[in-house]
Amino acid sequence: MKIKRLIIVLTLMVFSVSAFFSTDLNAAKGGKRPKNIILFIGDGMGVAHVYSAMSVSERQLYLEMFPYSGFQITFSANNYVTDSGAGGTAIACGVKTKNGMIGMNPDSVAVTSITEICKKNGLATGVLSTSAITHATPASFVAHNSGRGNYEDLAKDFLNGTVDVFIGGGENHFRKRADGSDLTLELKKQGFEVVYTLDSLKLSKSSKIAGLLAEEHMPTALEGRRGMLREMTKKAIEVLSRDKDGFFLMVEGSQIDWGAHARNLLEVASETLDLDDAVGAAYDFAMQNGQTLVIVTADHETGGLSLTGGDLQKRSINGEFISTGSHTGEMVPIFSLGPGAERFSGIHDNTYFFNEFLKLLNLRK
Ligand code: MG
Ligand code: ZN
C-alpha cells in the first residue's frame, strides 16, 4: 500500500515536471499558430558563415538552440545568383523578380509585401538593419522601386504607413535630399518620434519610432557597433508587442555580406555573431511569450566561403573566398522556433516564407 502510494506520488511528480518542461518545449517547437513573427535575415549568410561564428565564439550561439533547421533556394527571376533586391523581394512579397528590383515583379508592377498585409490586418510592424534602412533588404519589406539604388525615392516609401518602427542608418536619404525636403518633418506629423542615437532610442516612449542612427550605413561590428542590433531588436519588440493584434518584425544583419565581399573572415564571423546577439533578444522573448515564431535565414550566400582549417581550442579559423568575392547560388540555412516552426524544416524556395506567414497569421490579403 505504502509502495503503491509512493509510486503514485512519484508518477505525479514526473508528470508535473514533464508538464512544466513541455510548455517550454512547445514554445520552442511550435505546433500551434503564432501571434507574432520575428524574421532575421543575415545578408549573405551561408552555412560556412554561421560555422565561422560558432568556431570563434566563446559562447554557444542562440542559433544552435533552434529546434528546426532547413535550407532555402535563392535564385532570382533572371539569374541563378540573386542580389539582395530580388532576394529580399522574394522573401517579403513571395514573388521572384529581376536582380536590382525592390517590391516589384519582373514587369515593374508593385507587389504587396508581408509587412503591408500585416499592417492592413491590424498588426504592428517594424524593420531594422545595420545598413541604411533604405538599402535593398529592409526596403524590400516597405518600398517599391525598379532600382535598388534610388535611395531617396525608397526613403519616401517609409512615409506610406507600412511600418511603425524602423531603425538603421540612412539619415541622409531622409534629410539631405536632392529635392531639398526633410522627410523627418512629415514623419513627425505622422506621430513618429525621430531619434538619432541609441541612447535616445532606448528612452523613447513612442509607439512609432524612426531611428536614423547613421548618416549612411552604421559602422561595422569590429569598428564598435557590436551589440547595437541587439538593443534595436529589444526596443522594437518592446514597442511592437504592445499591440494586442500581434506584430511582424524583420531584422537584418546587413554587413555579413560586406565582410564576405571584402573577403574578410574576421568581419564575417563578427557580423554573424552580432546578428546572433540580436537573435538572442528574440529567443528570450519567444521563450517567455510562447506565441512568437522566430525565423533566421539569409537572402543568398556571399563569397563562396569555405573553411579550410582551424583550431577549436584556440578559436581560430582559416577560410577562403572565391576571387570575385561576389554572391553565389548556394542554398542558405533556415533556423526556426516557436509555433509553426516545423513548417520551415526541409528545403524551401525563397518565395515560401510569404505564403506560410499569411497562413500562419491567418491574414487577409
Ligand atoms: Mg542587405
Ligand atoms: Zn552582397
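Biologist: Which residues coordinate the zinc ion (ligand 2)?

Modeller: In this predicted model, the donor atoms of the zinc ion (ligand 2) lie at 2.0 to 2.2 Å. Along the sequence the donor residues follow the spacing D-x3-H-x65-H. The residues that coordinate the zinc ion (ligand 2) are Asp257, which is listed with two OD entries, and, each through NE2, His261 and His327.

Biologist: Is the site of the zinc ion (ligand 2) tetrahedral or irregular?

Modeller: Four donors count as tetrahedral if all angles lie between 85 and 135 degrees. Here the angles among the 4 donor atoms run from 59 to 154°. The site of the zinc ion (ligand 2) is therefore classed as irregular.

Biologist: How many residues apart are His261 and His327?

Modeller: His261 belongs to helix α12 (residues 256-261), whereas His327 belongs to strand β12 (residues 327-328). The pair links distant parts of the chain, and the separation is 66 residues.

Biologist: Is His261 buried, partly exposed or exposed?

Modeller: Buried means under 20% relative accessible area and exposed means over 50%. His327, at 15%, is buried. His261 has a relative accessibility of 34%, so His261 counts as partly exposed.

Biologist: Where in the chain does Thr137 lie?

Modeller: Asp43 is in the loop between β1 (36-42) and α2, and Thr137 is 94 residues apart from Asp43, so the pair links distant parts of the chain. Asp43 is buried, with a relative accessible area of 2%, and Thr137 is buried as well, at 0%. The element that holds Thr137 is helix α5 (residues 136-140).

Biologist: Which elements do the buried residues of α2 pack against?

Modeller: In helix α2 (residues 47-56), the buried residues are Ala48, His49, Val50, Ser52, Ala53 and Ser55. An α-helix has 3.6 residues a turn, so residues three or four places apart point the same way. The buried residues of α2 pack against α12, α13 (265-289), β9 (301-302), β10 (306-311), β11 (316-320) and β13 (332-337).

Biologist: Which residue with a positive phi follows α14?

Modeller: Helix α14 spans residues 352-360, and its buried residues include Phe353, Phe357 and Leu360. The residue that follows α14 has a phi near 55°, and that residue is Asn362.

Biologist: Is the pair of Phe158 and Phe174 stacked or edge-to-face?

Modeller: The count comes to 13 aromatic pairs. For Phe158 and Phe174, the ring centres are 6.0 Å apart and the planes meet at 70°. Planes over 60 degrees apart count as edge-to-face, so the pair of Phe158 and Phe174 is edge-to-face.

Biologist: What is the angle between the planes of Phe166 and Phe174?

Modeller: Phe166 and Phe174 form an aromatic pair with a centre-to-centre distance of 5.7 Å. Phe166 is buried at 0% relative accessibility, and Phe174 is buried at 0% too. The pair is stacked, and the angle between the planes is 20°.

Biologist: Which ring does the charged end of Lys96 sit over?

Modeller: The charged end of Lys96 lies 3.6 Å from the centre of the ring concerned, and that ring belongs to Phe75.

Terms used: Residues numbered from 1 in each chain as written. Chains lettered and ligands numbered in written order. Predicted model: local features only at pLDDT ≥ 70, side-chain atom pairs only at ≥ 80, totals over all residues. Heavy atoms only, no water. Donors = N, O, S within 2.8 Å, 3.2 Å for Na, K, Ca; no water. Tetrahedral: all angles 85-135°; square planar, octahedral: opposite > 155°, others 65-115°. Helix = DSSP H or I, 4+ residues; strand = E, 2+ residues; numbered from the N terminus. Buried < 20%, exposed > 50% of the residue type's maximum accessible area, 1.4 Å probe, protein only. Contact = heavy atoms within 4.5 Å. Phe/Tyr/Trp six-rings, centres within 6.5 Å; stacked < 30°, edge-to-face > 60°. Lys NZ or Arg CZ within 6 Å of the ring centre and 35° of its normal.
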